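Notebook open, viewer open. I'm jotting down what I look up as I go.

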Amino acid sequence: MIFKLMALLAIIFLVYLVFFKRNRERDIKKKKDHDVIDNMDACPTCKTFIAKDDAILSNGKYYCSTECLGK
Ligand SMILES: [Zn+2]
């Protein structure tokens, strides 16, 4: 009987570990997605979403290209 109980506890513990790990991975993924969105902005001219790192900053606005900036 005690072995059955120990086996059951071990299974519960393993399931808990797997579940906890999955939750953590999902949280990390969610955070990454959020960071990507934070780093994106719409070009005021053509409304294309562009990464701020690649954009041209002018008057506090992010333009996708010098073409849009000039308009
Ligand atoms: Zn543009």
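Predicted model: local features only at pLDDT ≥ 70, side-chain atom pairs only at ≥ 80, totals over all residues.

Residues are numbered from 1 along each chain as its sequence is written, and side-chain values use heavy atoms, with hydrogens and water left out.

**Entry: helix α1**

I went to helix α1 (residues 2–38); helices here are DSSP runs of H or I with at least four residues, strands are E runs of at least two, and both are numbered from the N terminus. F3 sits in this helix. I asked for its accessibility: F3 is exposed, at 67% relative accessible area. My cut-offs are buried under 20%, exposed over 50% and partly exposed in between, with a 1.4 Å probe and protein chains only. From F3 to N39 I get 54 Å between C-alpha atoms, for 36 residues along the chain.

Next I searched for salt bridges, meaning a side-chain nitrogen of Lys or Arg within 4 Å of a carboxyl oxygen of Asp or Glu. The count comes to one salt bridge. K21 pairs with E25, and the closest N and O atoms are 3.1 Å apart. Why do K21 and E25 end up about one helical turn apart? Because they are four residues apart in helix α1. K21 counts as exposed at 53% relative accessibility, and E25 is partly exposed at 45%.

**Entry: the zinc ion**

Which residues coordinate the zinc ion? I found C43, C46, C64 and C68, each through SG, at 2.2 to 2.3 Å. Donors are N, O and S atoms within 2.8 Å of the metal (3.2 Å for Na, K and Ca), and since water is not among the atoms, sites may look incomplete. I checked the geometry too: the angles among the four donor atoms run from 102 to 115°, and the site is tetrahedral. That label needs all angles of four donors to lie between 85 and 135 degrees. For reference, the ideal angle for four tetrahedral donors is 109.5 degrees.

The sequence spacing of the donor residues reads C-x2-C-x17-C-x3-C. C43 lies in the loop between β1 (40–42) and β2 (49–51), and C64 in the loop between β4 (61–63) and α2 (66–70), so the pair ties together parts that are 21 residues apart in sequence. Is C43 buried or exposed? C43 is buried, with a relative accessible area of 1%, whereas C64 is partly exposed at 26%.

For Y63 I listed contacts (heavy atoms within 4.5 Å). Leaving out residues up to four places away in sequence, Y63 touches several residues, among them C43, I50, A55, C68 and L69.

**Entry: loops**

In the loop between β1 and β2 I noted T48, which is partly exposed at 37%. T48 and C64 are 16 residues apart in sequence and 7.3 Å apart in space, C-alpha to C-alpha. Not counting residues up to four places away in sequence, T48 touches D41, A42 and C43.

K47 is in the loop between β1 and β2 as well. K47 has a positive phi of about 65° although it is not a glycine, and K47 is exposed at 59%.

I also looked at N59, in the loop between β3 (56–58) and β4. N59 has a positive phi of about 50° and is not a glycine; its relative accessible area of 79% makes N59 exposed.

Key: Tetrahedral: all angles 85-135°; square planar, octahedral: opposite > 155°, others 65-115°.
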